[in-house]
Amino acid sequence: MAKYRDTFPEIGTGRIFLSDGGIMTEFFFSDETKNMVVPNNNIFFPLMEDSTFMNWMDKFYKKYMDLCLKENKEFGFILISFLTYKARKEDIKTQFDIDEQRWIHMNKVHIQYLVNLRTEYETSIPNCPPILVSGLIIPKGGHGDAFSLDTKMSIKESEEYHTSQIKVFAEDTKVDFVLVGLVTYSEEAIGILNMAASFKLPVVISYTTEVDGRLPSGETVKVCKIGLALVHEKYSTAKLRPAT
């Protein structure tokens with residue numbers, strides 16, 4: 001069972017949650033990984049079967065966890081499942097010929113690695129604060145670019161597009177919540193929320209904004225929050241967490 005899925009920490013309790021950051025930048029410039037071949041369209045999912053990469057990633061996570069949890073006491077931590085970035089079942093099959101059963105197994109192994117990493121810190125740090133494990137997904141975008149609006153979807157299309165990843169997180173892994181980054185328009189966000197709610201998964205949405213504070217679609221964050229609030233009200237028992 002997922003540890004925090006049904007007891008998701010409430011926003012506003014005074015605890016700040018931090019996470020790692022800049023993993024792609026470090027990957028491209030690290031001496032340990034600079035000679036590794038970058039997967040198609042920056043889909044890192046297959047690299048979970050590469051021991052050199054996984055050893056490097058383990059050190060990457062622990063660098064942040066040591067800083068946030070061992071050297072400080074006030075922070076919680078979010079372990080982001082980076083390797084699920086762009087890792088829809090359909091795309092992984094098309095680009096890497098990884099079938100559904102292998103894809104499910106790889107998702108389970110990756111999330112279990114994060115769960116084990118959490119346990120390592122929980123057992124070594126007295127009064128360890130909450131450590132949440134997220135399932136990361138990003139918008140469809142266009143031509144491999146998550147920020148593109150070339151393939152803007154309806155709410156229904158968004159539901160269908162994101163089903164495979166949300167379903168595997170909910171049914172086959174121990175993620176505590178779904179983390180959605182780089183969202184550029186409200187319809188896709190609402191579609192993701194609808195699917196997460198159908199599987200009773202908490203979800204956190206993070207928007208991309210331009211310098212004027214609006215999403216690339218031209219919508220304001222306030223308008224998007226109203227739309228997500230309506231979804232939250234509809235599925236209140238699903239413990240959704242729209243972005244603030």
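Predicted model: local features only at pLDDT ≥ 70, side-chain atom pairs only at ≥ 80, totals over all residues.

Q: How do I read the packing of two helices, and at what angle do α2 and α4 pack?
A: The general idea is to take the angle and the axis distance together, and then to ask which residues make the contact. Here helix α2 (residues 51–70) and helix α4 (residues 100–124) pack at an angle of about 35 degrees, their axes being 12 Å apart, and the crossing of α2 past α4 is right-handed. On the α2 side the contact is made by M54, M57, D58, Y61, K62, M65, D66, L69 and K70, and on the α4 side by H110, Y113, L114, L117, E120 and Y121.

Q: How do the residues of the contact of α2 with α4 divide into nonpolar, polar and charged?
A: In the contact of α2 with α4 there are 9 nonpolar residues, 1 polar residue and 5 charged residues.

Q: How do I read aromatic pairs, and how many are there by this rule?
A: Each pair is described by the distance between ring centres and the angle between ring planes, and planes over 60 degrees apart count as edge-to-face. The count comes to 12 aromatic pairs. For F27 and F28 the ring centres are 5.3 Å apart and the planes stand at 75 degrees, so this pair is edge-to-face. F27 is buried, with a relative accessible area of 1%, whereas F28 is partly exposed, with a relative accessible area of 36%.

Q: What are the distance and the angle for the rings of F53 and W56?
A: The ring centres of F53 and W56 are 5.7 Å apart with the planes at 40 degrees, so the pair is tilted. F53 and W56 are 3 residues apart in helix α2, and are therefore separated by about one helical turn; both F53 and W56 are buried. These two residues also belong to one aromatic cluster, whose other members include F27, F28, F44, F60 and Y113.

Q: Where does the charged end of R88 sit?
A: One looks for a charged end placed over a ring, and here the charged end of R88 sits over the ring of Y161, at 3.8 Å from the ring centre.

Terms used. Residues numbered from 1 in each chain as written. Heavy atoms only, no water. Axes fitted to C-alpha atoms, helices over the stretch in contact; angles between N-to-C directions. Helix = DSSP H or I, 4+ residues; strand = E, 2+ residues; numbered from the N terminus. Left-handed = near helix turned anticlockwise from the far one by under 90°. Contact = heavy atoms within 4.5 Å. Nonpolar A, V, L, I, M, F, W, Y, C, P; charged D, E, K, R; others polar. Phe/Tyr/Trp six-rings, centres within 6.5 Å; stacked < 30°, edge-to-face > 60°. Buried < 20%, exposed > 50% of the residue type's maximum accessible area, 1.4 Å probe, protein only. Lys NZ or Arg CZ within 6 Å of the ring centre and 35° of its normal.
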